[in-house]
Amino acid sequence: MKLLAVDSAANLCAACVWDTAAGHELGRSVADIGKGHAERLMATIAEALQAAGADYSELGSLAVSTGPGSFTGVRVGVSTIRGLALALKIPSIGVTTLDAIAAEAGDAFPNRPIMVAIDAGRGELYVALYDAAGKMSYDACVLSFADALAVAVDAAPVVCGTAAEKIAQAAGPLALDTGLATATADIATFARLAALRGPSPHKPAPVYLREPDAKPQSGFILPRSRA
């Protein structure tokens, strides 16, 4: 079965087609665009399908990065995949950026606890801790840098994510190892994890972990039109 995975939760606009039976990637399209995922994602999907020599009718399932990350990017990816799943009548699977980064770190540092720490703005970090078996042992949340550092010092994990180097430096003589220092993982990792998990009765939903910076104005009333 072919699975299409997309990731627009961070700076990348990425898609790949994964062969779930053989366990390998068939084709991909990845661009570091920063912003503008809404305008670029469908073209990226089309490029990945073309690279894989496949079309929508051959897909058996879909996967999407559910964040945390860019509020707009996460929303674009999740809504696109949910719409495609409805149109194609196939299941969709959500994978968080934290899980995907941790999985890549687990491949590079087997049998080690993994901490993922991604810059979230406002001086805060998105953080999750995984034990040596890859199971989440500290639930995904938003922490101050000081609190995230305390978690790292206590668990002595391999630290990954955009804040990895800062945490490792602040830990001083503890000499923490660092892994993937980015805001998201390779698109094939999302596909691989989704294939391993399989369909869920729950539709993918954005993982924001906190409220967005921009909020609707309160008390705003449209003026009445005069006849």
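Predicted model: local features only at pLDDT ≥ 70, side-chain atom pairs only at ≥ 80, totals over all residues.
Me: Why is Thr-44 called buried?
Reply: Buried means under 20% relative accessible area, exposed means over 50%, and partly exposed lies in between, with a 1.4 Å probe and protein chains only. Thr-44 has a relative accessible area of 0%, and therefore counts as buried. Thr-44 belongs to helix 1, residues 37–52, where a helix is a DSSP run of H or I with at least four residues, a strand is a run of E with at least two, and both are numbered from the N terminus. Setting aside residues up to four places away in sequence, Thr-44 touches Cys-13, Ala-14, Ala-15 and Ser-29, contact being heavy atoms within 4.5 Å.

Me: Why is Asn-111 called exposed?
Reply: The relative accessible area of Asn-111 is 68%, so this residue counts as exposed. Asn-111 lies in the loop between helix 3 and strand 6, and its phi is positive, about 60 degrees, although Asn-111 is not a glycine.

Me: What makes Ala-175 exposed?
Reply: Ala-175 has 59% relative accessibility and therefore counts as exposed. Ala-175 is placed in the loop between helix 5 (164–170) and helix 6, and Ala-175 too is a residue other than glycine with a positive phi, of about 55 degrees.

Me: Why do strand 3 and strand 5 count as edges of the sheet?
Reply: The open sheet has five strands in the order 3-2-1-4-5, with mixed pairing. Strand 3 (24–32) and strand 5 (92–95) each have a single partner strand, so one side of each is left without a neighbour in the sheet. From one strand to the next, the twist averages 15 degrees.

Me: How do you know that strand 4 and strand 5 pair?
Reply: Two strands pair if DSSP finds at least two bridges between them, and strand 4 (residues 59–65) is joined to strand 5 by four bridges, in the parallel sense. Val-64 stands opposite Gly-94, and Ser-65 stands opposite Val-95.

Me: What makes the unit of strand 4, helix 2 and strand 5 right-handed?
Reply: A crossover is right-handed if, with the strands pointing away from the viewer, the path from the first strand over the helix to the second runs clockwise. Strand 4, helix 2 and strand 5 make a right-handed β-α-β unit. In the loop between strand 4 and helix 2 is Pro-68, and a cis peptide bond with an omega of about 5 degrees joins Gly-67 and Pro-68.

Me: What makes a set of residues a nonpolar core?
Reply: The set must be buried Ala, Val, Leu, Ile, Met, Phe, Trp, Tyr and Cys residues joined through side-chain atoms within 4.5 Å. The largest such core has 31 residues, of which Leu-3, Ala-5, Ile-114, Val-116 and Tyr-130 touch the most other members. Among the elements that give two or more residues to this core are strand 1, helix 3 and helix 6. Apart from it lies another core, of 22 residues, including Leu-4 and Val-64.

Key:
Residues numbered from 1 in each chain as written. Heavy atoms only, no water. Axes fitted to C-alpha atoms, helices over the stretch in contact; angles between N-to-C directions.
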